[in-house]
Amino acid sequence: MPKVNTAFLSRAVERKRTEVARLRAEHPEADLRARAAGRPPARDWPAALRGGAPAVIAEFKRRSPSAGALDPGADPAARAALYEGAGAAAVSILTDSAFDGTLADLTAAAGAVGVPVLRKDFLVDPWQVWESRAAGADAALVVLAAVGDPDLGRILEASAAAGLGLLVEIHGLEEIPRVERLGAAVVGVNARDLGTLRTSPEGGRAVLEAVRGALDPTTLLVAESGIAGPDDVRRARAAGADAVLVGEYLMRAGDPAAALGALVGAAGPAGESRPT
(Lines give C-alpha, C1' and ligand atoms only; values in the text may rest on other atoms or scores of the structure.)
Protein backbone atom coordinates (compact mmCIF):
# COMPACT_ATOMS: atom_id res chain seq x y z
CA MET A 1 0.00 0.00 0.00
CA PRO A 2 1.23 3.55 -0.64
CA LYS A 3 2.80 5.28 2.35
CA VAL A 4 1.06 8.35 3.74
CA ASN A 5 2.89 10.05 6.62
CA THR A 6 6.43 10.61 5.40
CA ALA A 7 9.39 12.95 5.67
CA PHE A 8 8.64 14.19 2.13
CA LEU A 9 5.15 15.33 3.10
CA SER A 10 6.33 16.83 6.40
CA ARG A 11 8.97 18.89 4.62
CA ALA A 12 6.46 20.03 2.00
CA VAL A 13 3.97 21.13 4.64
CA GLU A 14 6.62 23.00 6.64
CA ARG A 15 7.85 24.74 3.50
CA LYS A 16 4.31 25.68 2.51
CA ARG A 17 3.43 27.09 5.94
CA THR A 18 6.53 29.29 5.80
CA GLU A 19 5.58 30.42 2.31
CA VAL A 20 2.01 31.24 3.34
CA ALA A 21 3.19 33.27 6.33
CA ARG A 22 5.39 35.37 4.04
CA LEU A 23 2.81 35.86 1.32
CA ARG A 24 -0.03 36.64 3.72
CA ALA A 25 1.90 39.74 4.83
CA GLU A 26 2.16 40.87 1.19
CA HIS A 27 -1.40 39.93 0.18
CA PRO A 28 -3.95 40.30 2.98
CA GLU A 29 -6.94 38.00 2.81
CA ALA A 30 -9.29 40.95 2.35
CA ASP A 31 -7.48 41.86 -0.87
CA LEU A 32 -7.69 38.28 -2.12
CA ARG A 33 -11.40 38.13 -1.32
CA ALA A 34 -11.97 41.30 -3.33
CA ARG A 35 -10.04 39.92 -6.29
CA ALA A 36 -11.93 36.61 -6.07
CA ALA A 37 -15.24 38.46 -6.03
CA GLY A 38 -14.26 40.18 -9.25
CA ARG A 39 -13.81 36.89 -11.07
CA PRO A 40 -16.57 35.01 -12.90
CA PRO A 41 -18.20 32.25 -10.81
CA ALA A 42 -16.14 29.08 -10.52
CA ARG A 43 -16.85 26.44 -13.14
CA ASP A 44 -18.66 23.40 -11.74
CA TRP A 45 -15.91 21.00 -10.70
CA PRO A 46 -18.02 17.91 -9.77
CA ALA A 47 -20.25 18.30 -12.82
CA ALA A 48 -17.24 18.18 -15.12
CA LEU A 49 -16.29 14.75 -13.77
CA ARG A 50 -19.72 13.17 -14.10
CA GLY A 51 -20.98 11.40 -17.17
CA GLY A 52 -20.41 7.69 -16.74
CA ALA A 53 -17.11 6.69 -18.34
CA PRO A 54 -14.04 8.08 -16.53
CA ALA A 55 -13.34 11.72 -17.26
CA VAL A 56 -9.72 12.68 -17.92
CA ILE A 57 -8.14 15.49 -15.89
CA ALA A 58 -5.06 16.52 -17.88
CA GLU A 59 -2.21 17.96 -15.86
CA PHE A 60 0.41 20.56 -16.64
CA LYS A 61 3.65 20.32 -14.70
CA ARG A 62 7.20 21.17 -15.64
CA ARG A 63 8.91 18.88 -13.15
CA SER A 64 8.28 15.79 -11.08
CA PRO A 65 10.13 15.35 -7.74
CA SER A 66 10.77 11.72 -8.68
CA ALA A 67 11.38 11.99 -12.45
CA GLY A 68 13.02 15.43 -12.69
CA ALA A 69 12.41 17.87 -15.55
CA LEU A 70 9.56 16.93 -17.88
CA ASP A 71 8.98 19.84 -20.27
CA PRO A 72 10.54 22.96 -18.70
CA GLY A 73 9.71 25.29 -21.59
CA ALA A 74 6.04 24.33 -21.97
CA ASP A 75 3.51 27.16 -22.08
CA PRO A 76 0.63 26.62 -19.61
CA ALA A 77 -2.02 28.47 -21.61
CA ALA A 78 -1.17 26.73 -24.88
CA ARG A 79 -0.98 23.33 -23.24
CA ALA A 80 -4.24 23.82 -21.35
CA ALA A 81 -6.01 24.82 -24.58
CA LEU A 82 -4.53 21.78 -26.31
CA TYR A 83 -5.80 19.55 -23.51
CA GLU A 84 -9.29 20.99 -23.71
CA GLY A 85 -9.33 20.54 -27.48
CA ALA A 86 -8.30 16.89 -27.12
CA GLY A 87 -11.17 16.12 -24.77
CA ALA A 88 -9.98 16.83 -21.22
CA ALA A 89 -12.86 17.27 -18.78
CA ALA A 90 -10.68 19.51 -16.58
CA VAL A 91 -7.11 20.78 -16.41
CA SER A 92 -4.78 20.48 -13.41
CA ILE A 93 -1.96 22.99 -12.94
CA LEU A 94 0.99 22.39 -10.60
CA THR A 95 1.71 25.65 -8.79
CA ASP A 96 4.18 24.42 -6.17
CA SER A 97 7.80 25.53 -6.56
CA ALA A 98 9.03 21.94 -6.14
CA PHE A 99 7.47 21.27 -9.53
CA ASP A 100 8.83 24.52 -11.00
CA GLY A 101 5.24 25.74 -10.94
CA THR A 102 3.84 29.20 -10.25
CA LEU A 103 0.44 30.69 -9.60
CA ALA A 104 0.89 32.66 -12.82
CA ASP A 105 0.77 29.33 -14.69
CA LEU A 106 -2.69 28.71 -13.27
CA THR A 107 -3.94 32.19 -14.13
CA ALA A 108 -2.71 31.81 -17.71
CA ALA A 109 -4.35 28.39 -18.08
CA ALA A 110 -7.63 29.52 -16.52
CA GLY A 111 -7.91 32.30 -19.06
CA ALA A 112 -7.34 29.94 -21.97
CA VAL A 113 -9.97 27.25 -21.36
CA GLY A 114 -13.65 26.79 -20.60
CA VAL A 115 -13.28 23.64 -18.50
CA PRO A 116 -12.57 23.72 -14.74
CA VAL A 117 -8.99 24.37 -13.68
CA LEU A 118 -7.66 22.58 -10.60
CA ARG A 119 -4.87 24.08 -8.51
CA LYS A 120 -2.44 21.27 -7.59
CA ASP A 121 -0.44 22.32 -4.54
CA PHE A 122 -0.25 21.72 -0.80
CA LEU A 123 -3.16 23.53 0.84
CA VAL A 124 -2.54 23.96 4.56
CA ASP A 125 -4.32 27.24 5.32
CA PRO A 126 -7.69 28.78 4.36
CA TRP A 127 -5.80 31.85 3.10
CA GLN A 128 -4.73 29.66 0.14
CA VAL A 129 -8.37 29.06 -0.76
CA TRP A 130 -8.83 32.78 -1.44
CA GLU A 131 -5.44 32.95 -3.15
CA SER A 132 -6.57 30.13 -5.46
CA ARG A 133 -9.87 31.75 -6.40
CA ALA A 134 -8.21 35.14 -6.88
CA ALA A 135 -5.81 33.48 -9.34
CA GLY A 136 -8.65 31.88 -11.30
CA ALA A 137 -8.81 28.35 -9.89
CA ASP A 138 -12.16 26.55 -9.95
CA ALA A 139 -10.96 23.81 -7.60
CA ALA A 140 -7.94 22.95 -5.49
CA LEU A 141 -6.24 19.83 -4.17
CA VAL A 142 -6.17 19.05 -0.45
CA VAL A 143 -3.86 16.23 0.63
CA LEU A 144 -5.75 14.80 3.60
CA ALA A 145 -2.61 13.67 5.43
CA ALA A 146 -1.15 17.19 5.22
CA VAL A 147 -3.76 18.87 7.43
CA GLY A 148 -5.23 18.16 10.83
CA ASP A 149 -8.95 18.33 11.46
CA PRO A 150 -9.01 21.96 12.73
CA ASP A 151 -7.18 23.31 9.67
CA LEU A 152 -9.18 21.04 7.40
CA GLY A 153 -12.42 22.40 8.82
CA ARG A 154 -11.31 25.96 8.19
CA ILE A 155 -10.28 25.09 4.64
CA LEU A 156 -13.68 23.50 4.00
CA GLU A 157 -15.48 26.57 5.35
CA ALA A 158 -13.39 28.91 3.23
CA SER A 159 -13.92 26.77 0.13
CA ALA A 160 -17.69 26.88 0.59
CA ALA A 161 -17.57 30.66 1.02
CA ALA A 162 -15.32 31.15 -1.99
CA GLY A 163 -17.16 28.71 -4.25
CA LEU A 164 -13.95 26.71 -4.73
CA GLY A 165 -14.30 23.00 -5.48
CA LEU A 166 -12.00 20.52 -3.77
CA LEU A 167 -10.20 17.32 -4.65
CA VAL A 168 -9.53 15.59 -1.33
CA GLU A 169 -6.59 13.24 -1.85
CA ILE A 170 -5.76 10.10 0.10
CA HIS A 171 -2.99 7.55 -0.30
CA GLY A 172 -3.72 4.63 1.99
CA LEU A 173 -6.41 2.41 3.46
CA GLU A 174 -5.93 3.93 6.91
CA GLU A 175 -7.32 7.23 5.61
CA ILE A 176 -10.67 5.79 4.55
CA PRO A 177 -12.49 6.37 7.89
CA ARG A 178 -11.43 10.01 7.95
CA VAL A 179 -12.42 10.74 4.36
CA GLU A 180 -15.69 8.87 4.95
CA ARG A 181 -16.55 11.22 7.83
CA LEU A 182 -15.66 14.21 5.69
CA GLY A 183 -18.33 13.60 3.07
CA ALA A 184 -16.31 15.20 0.27
CA ALA A 185 -17.93 15.37 -3.17
CA VAL A 186 -14.69 14.46 -5.02
CA VAL A 187 -12.04 12.14 -3.56
CA GLY A 188 -8.72 11.31 -5.19
CA VAL A 189 -6.74 8.13 -4.58
CA ASN A 190 -3.06 8.69 -5.32
CA ALA A 191 -1.01 5.59 -6.12
CA ARG A 192 2.26 7.37 -5.35
CA ASP A 193 4.18 6.25 -2.27
CA LEU A 194 5.08 9.45 -0.44
CA GLY A 195 8.10 7.71 1.10
CA THR A 196 9.83 6.49 -2.06
CA LEU A 197 7.92 8.76 -4.52
CA ARG A 198 7.41 5.69 -6.70
CA THR A 199 3.97 4.72 -7.92
CA SER A 200 2.20 1.45 -7.23
CA PRO A 201 -0.71 1.18 -9.68
CA GLU A 202 -1.84 -2.11 -8.16
CA GLY A 203 -1.74 -0.70 -4.63
CA GLY A 204 -3.57 2.41 -5.76
CA ARG A 205 -6.32 0.37 -7.37
CA ALA A 206 -6.69 -1.72 -4.20
CA VAL A 207 -7.24 1.46 -2.19
CA LEU A 208 -9.59 2.76 -4.87
CA GLU A 209 -11.73 -0.38 -4.69
CA ALA A 210 -11.87 -0.16 -0.90
CA VAL A 211 -12.84 3.52 -1.03
CA ARG A 212 -15.51 2.80 -3.62
CA GLY A 213 -17.06 0.25 -1.30
CA ALA A 214 -16.88 2.49 1.78
CA LEU A 215 -18.11 5.85 0.49
CA ASP A 216 -21.50 7.01 -0.68
CA PRO A 217 -21.99 5.84 -4.28
CA THR A 218 -22.54 9.45 -5.37
CA THR A 219 -18.98 10.38 -4.32
CA LEU A 220 -16.80 11.00 -7.37
CA LEU A 221 -13.50 9.10 -7.27
CA VAL A 222 -10.36 10.16 -9.13
CA ALA A 223 -7.46 7.77 -9.80
CA GLU A 224 -4.19 9.70 -9.55
CA SER A 225 -0.63 8.71 -10.59
CA GLY A 226 0.39 5.60 -12.47
CA ILE A 227 -1.81 6.27 -15.53
CA ALA A 228 0.50 5.57 -18.45
CA GLY A 229 -1.81 4.55 -21.25
CA PRO A 230 -5.34 3.51 -22.23
CA ASP A 231 -5.12 0.17 -20.43
CA ASP A 232 -4.52 1.99 -17.14
CA VAL A 233 -7.65 4.07 -17.72
CA ARG A 234 -9.68 0.90 -18.20
CA ARG A 235 -8.18 -0.67 -15.07
CA ALA A 236 -8.96 2.43 -13.03
CA ARG A 237 -12.49 2.38 -14.31
CA ALA A 238 -12.90 -1.25 -13.34
CA ALA A 239 -11.70 -0.38 -9.82
CA GLY A 240 -14.43 2.25 -9.50
CA ALA A 241 -12.89 5.50 -10.77
CA ASP A 242 -15.10 8.23 -12.17
CA ALA A 243 -12.07 10.14 -13.44
CA VAL A 244 -8.32 9.80 -13.91
CA LEU A 245 -5.71 12.51 -13.39
CA VAL A 246 -2.78 12.23 -15.78
CA GLY A 247 0.34 14.39 -15.77
CA GLU A 248 3.74 12.88 -16.44
CA TYR A 249 2.50 10.66 -19.28
CA LEU A 250 1.09 13.64 -21.16
CA MET A 251 4.00 15.97 -20.41
CA ARG A 252 6.45 13.41 -21.83
CA ALA A 253 4.37 12.59 -24.90
CA GLY A 254 5.71 13.68 -28.27
CA ASP A 255 2.13 14.34 -29.37
CA PRO A 256 0.19 15.18 -26.19
CA ALA A 257 -3.07 15.74 -28.06
CA ALA A 258 -2.95 12.27 -29.58
CA ALA A 259 -1.91 10.73 -26.25
CA LEU A 260 -4.79 12.44 -24.45
CA GLY A 261 -7.21 11.49 -27.20
CA ALA A 262 -6.29 7.84 -26.72
CA LEU A 263 -6.95 8.10 -22.98
CA VAL A 264 -10.30 9.77 -23.56
CA GLY A 265 -11.20 7.12 -26.12
CA ALA A 266 -10.26 4.33 -23.72
CA ALA A 267 -12.80 5.55 -21.19
CA GLY A 268 -15.71 4.00 -23.08
CA PRO A 269 -18.91 5.34 -24.62
CA ALA A 270 -20.22 8.58 -23.18
CA GLY A 271 -22.84 8.02 -20.53
CA GLU A 272 -21.78 4.43 -19.80
CA SER A 273 -21.86 3.89 -16.05
CA ARG A 274 -18.98 2.62 -13.98
CA PRO A 275 -18.95 -1.11 -13.18
CA THR A 276 -20.73 -2.05 -9.96
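Predicted model: local features only at pLDDT ≥ 70, side-chain atom pairs only at ≥ 80, totals over all residues.
1. Basis. Local features need pLDDT of at least 70, side-chain atom pairs count only at pLDDT 80 or more, and totals for chains, interfaces and linings use all residues. Residues are numbered from 1 along each chain as its sequence is written, and side-chain values use heavy atoms, with hydrogens and water left out.

2. Burial. H6 spans residues 126-135, and ten of its ten residues are buried (under 20% relative accessible area, 1.4 Å probe, protein chains only). Among them are Trp127, Trp130, Glu131 and Arg133. Helices here are DSSP runs of H or I with at least four residues, and strands are E runs of at least two, numbered from the N terminus.

3. Neighbours. The buried residues of H6 pack against helices H1 (7-26), H2 (29-37), H5 (103-110) and H7 (149-162), and against strands S5 (117-120) and S6 (139-143).

4. Ends. Asp125 caps the N-terminal end of H6, with a side-chain oxygen 2.7 Å from the backbone nitrogen of Trp127. Just after H6, Gly136 has a positive phi of about 110°.

5. Crossing with H1. The axes of H1 and H6, lines fitted to C-alpha atoms over the stretch in contact, come within 10 Å and cross at roughly 65°. H1 is therefore roughly perpendicular to H6 (65 to 115 degrees). Lys16, Val20, Leu23 and Arg24 of H1 make the contact with Trp127, Gln128 and Glu131 of H6 (heavy atoms within 4.5 Å). These residues divide into three nonpolar, one polar and three charged.

Key: Buried < 20%, exposed > 50% of the residue type's maximum accessible area, 1.4 Å probe, protein only. Polar contact = N/O pair within 3.5 Å; in protein donor to acceptor, adjacent residues only side chain to side chain. Axes fitted to C-alpha atoms, helices over the stretch in contact; angles between N-to-C directions. Parallel < 35°, antiparallel > 145°, perpendicular 65-115°, else oblique. Nonpolar A, V, L, I, M, F, W, Y, C, P; charged D, E, K, R; others polar.
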